[in-house]
Amino acid sequence: MSHHIVEFRNVSYRYPDGTEALRDISFRVTHGESVGIVGANGAGKSTLLMHMNGSLLQSSGTVVIGDLRLDRRTRQEIRKKVGVVFQNPDDQLFMPTVLEDVAFGPLNLGLDTEDVMQRAQEALDTVGCWHLRDKPPHHLSGGQKSAVAIASVMAMHPDILVMDEPASNLDPKSRRSLINMLKGFRHSRIIASHDLDLVLDVCQRCIVVRDGSVAADGPSEAILSDKALMEENNLELPLSLMNRP
Amino acid sequence: MSFDNAYFSVGFLDRLSYQDTFVHRLDARAKVIITAAFLLAVISFPKYEVSAILPFSLLPVLLMTLGDIPAGFVLRKILLVSPFAILVGIFNPVLDRAAALEVLGLTISAGWVSFFSIMVKFTLSISAALLLVATTSFPGICNALQRLGVPGIFTTQLVFLYRYMFVLMEEAMRIVRARDMRSFGQRGRGVRVFVRLVGMLFIRTMSRAERIYNAMLSRGFVRGDIPQLGQHRFALIDLVFMIVALGLLVLFRMVPVTGLIGQYVRGVFAG
Amino acid sequence: MHMADALLSPSVGATFWAASLGAIGFASRRLRERLDERLVPLMGVLAAFVFASQMINFTIPGTGSSGHLGGGLLLAVVLGPYAGFIAMASVLSVQALFFADGGLLALGCNIWNLGAYSCFIAYPLIYRPIAGRAPGKRRIFVASIVSAVAALQMGAFSVVLETLFSGRSELPFGTFLMFMQPVHLAIGIVEGIVTAGVVGYVSHARPEIIDGASGQSAPGAGVSVRNLIAVFLLLAAVTGGGLSWFASENPDGLEWSIERVYGRPDLPEQQGAASALKNIQEKTALLPDYGFRETPGGQASVEAGRTLSGIAGAAIVLGLVLALGLGIRALRDRGGRRA
């Protein structure tokens, strides 16, 4: 099952203004794993995620997605396997209606109208938003937008699902729906989040990022309940673990 | 119009455009064409025509009632933008003082007649524009324009404009509120602060454009036109609508219906 | 200032629609040739930005009145003349549709007046030469003001011409001109200052934005002067043709129009204001084309009897339409709004 592997080998990235965002990062995610990426603001989580579909290209090191090494030529192909849901749904729902947004990806894959409609319906049903299909995105609530953004990525049938702060704009109920949904997915999932409780709930494995490097990498239960480790990395215990003796 | 009012009225009009009525379901191209023909017909009436234009009010009224558009909203908008037309039009009665009609002992100058002509045309043309948007979603209008021959680059970015204008209005409102909360009275409402606010908004907008483009790339877009899902087909009802509407427009433009009705009624009463 | 439908004649309106659509087509073709894919979402989003910014008011120092950003010049500076024009045209379209600013027929005029001059003339022929490459704050300032003033003067003058050729308004050419040009001089200066401010602010904070985006167009290049002249000549020909059609158009006797009665004296009750104005005119001679018309203007004649028919008919027509409207409303309310 090599085609669902995400591997970073000694990856570094420096922004045009000189900021070193990633320093020699290495890790490997295999098929079906659900991995949480946590870290303080500015630690490099978003930068890391942007490498996973070639939105950014590393300054040095190698990124391997499935059988492909990431570079300028392969990233188009990689984007068919890796679906990234970015932080702000407004930036991703750029079509006039929900249906057209969800259809955008499949249409770009070259599928015919019938297949596109079927995928769109499936994806929207999964997130419970089929009834919103003719609505313009600006008529949707925050939770609905997030759900549709996820659907728009799911419709491409990616092998690997990457999400950047998926719960940040959600009210408690929507957040719970999202968590349940994510737990039901069978894809490899890589989720960057400040919401440590979500990570604890959804992800079996957790990678702690600090100053552009991997500070810790292991089972979520172990990592997120290690108070000293959390505080060292400018984090704290998930709320649900806080009152444990 | 204050920011909040402007934002609200755009939002209201936008929501009206997504209703589901017979009028809303008509092909957007038909509505665009009929609106254009309507405007041309109304505007083509000569300077001193007033009563012959009145039958044209039938179309806006039908659109409003069949399309569930609140008349109050339309009237209020007309009132709101009328000052400019009144301002320019009022010169007519002032300057054109030749007497034109005698009605029941009153003498009305030609200037007043042309003024009323302007106001009637104004009311009808504004209604037509508003009702086009109110009964056709904006993206629908853009799509219609593109299929009628307007260049795709223009219509595509027009749709983007529409998609993001609400987002940007909200961002702008937040920035303005922040300004207003910290400027007491007039301080802070000057050009310097404005430039900084707009500059900030501009930079944020550029960043947003980058992110949007990146999102497009991430879902497989490479180059060329944005893929379309499928187009509404022209149906029989659309054709019927167009024929009837065009017929009415031609009728009202060519035949002085108002005058004839008046004459007939007077004839009935006279004899 | 925006042109309005009610002041427009079909020939003038159609002429400028043709010109604007031609310009849009022209700009679109140019963009297609060298299309940077980023441009389409960028144009749309920047247009949305201009649209939103126009709602933010600021006080103009010294006058106390409020102003807002026009945006044509700014869009040209950031996007280049073609993309800038298309973006500006879309802002005006949305304004016409959502705010009823001017109207849809006049939209053609407005796109031309407020978009073409700033993007196709002021930007390449004035702004770019003055600003040059990598301009400092002072150059940006000077370039912006001169460009904005020029663009707005041309735009204002066009409005006056459009109103004149449409013949719907009595406003004398001279008077209107005397009002529009100075007002738009002031507006142009403000627009220039604000545009310079924003460009300066952005150049300072994120220099790569301005340089990168406008790098597409070398000074004046691409906007072929030959094309511009061709467009203007076409405009002149069509307008001239349209005018003669309009002038010879003679509403036939059946239409209810007004006869200007030859020799009827001024209406007594309005003597006050009119004679006061007449005095001003004689004393100051500031308004050269001012004239009070008391003689027939060449419209078709009609008998007085038709007047009453017209009025009676008007009342009936309005009544019928209103009744129809209310009736349909009532039916729909009762039927629970079935389609």
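User: Where do I start with a pair of helices? Is the crossing of H9(B) and H2(C) left-handed or right-handed?

Analyst: H9(B) and H2(C) make a right-handed crossing. Keep in mind as we go that this is a predicted model.

User: Which residues make the contact between H9(B) and H2(C)?

Analyst: From H9(B), the residues include Ile153(B), Phe160(B), Leu161(B), Tyr164(B) and Leu168(B). From H2(C), look for Val40(C), Met43(C), Ala48(C), Phe49(C) and Phe51(C), among others. Sorted by class, the contact has 17 nonpolar and four polar residues, with no charged residues.

User: Now zoom out for me. How many residues does each chain give to the contact of chains B and C?

Analyst: For a whole interface, you look at both sides. Chain C brings 101 residues and chain B brings 103. On the chain C side, the elements that each supply at least two residues include H1 (10-33), H2 (39-53) and H7 (173-205). H11(C) gives the most to that side, with 19 residues. By class, the side of chain C that touches chain B holds 62 nonpolar, 21 polar and 18 charged residues.

User: What about the contact of chains A and B: how many residues does it take from each?

Analyst: That contact uses 20 residues from chain B and 26 residues from chain A. On the chain B side, H9 and H10 (191-218) are the elements that give two or more residues. H10(B) has the largest share, seven residues. The classes on that side are 12 nonpolar, four polar and four charged.

User: And the chain itself? What secondary structure does chain B have?

Analyst: Count the elements, then read their order. Chain B has 12 helices and two strands.

User: How do I judge its overall form? What is the radius of gyration of chain B?

Analyst: Compare it with a compact globule. For 271 residues, that would be near 18 Å, but chain B has 24 Å. Its C-alpha trace spans about 80 × 55 × 30 Å along the principal axes. Buried residues account for 49% of the 271 residues in chain B.

Key
Residues numbered from 1 in each chain as written. Chains lettered and ligands numbered in written order. Predicted model: local features only at pLDDT ≥ 70, side-chain atom pairs only at ≥ 80, totals over all residues. Contact = placed C-beta atoms within 7 Å. Helix = DSSP H or I, 4+ residues; strand = E, 2+ residues; numbered from the N terminus. Nonpolar A, V, L, I, M, F, W, Y, C, P; charged D, E, K, R; others polar. Left-handed = near helix turned anticlockwise from the far one by under 90°. Rg over C-alpha atoms; globule rule 2.2 N^0.38 Å. Buried ≥ 20, exposed ≤ 12 C-beta atoms within 10 Å, placed from the backbone.
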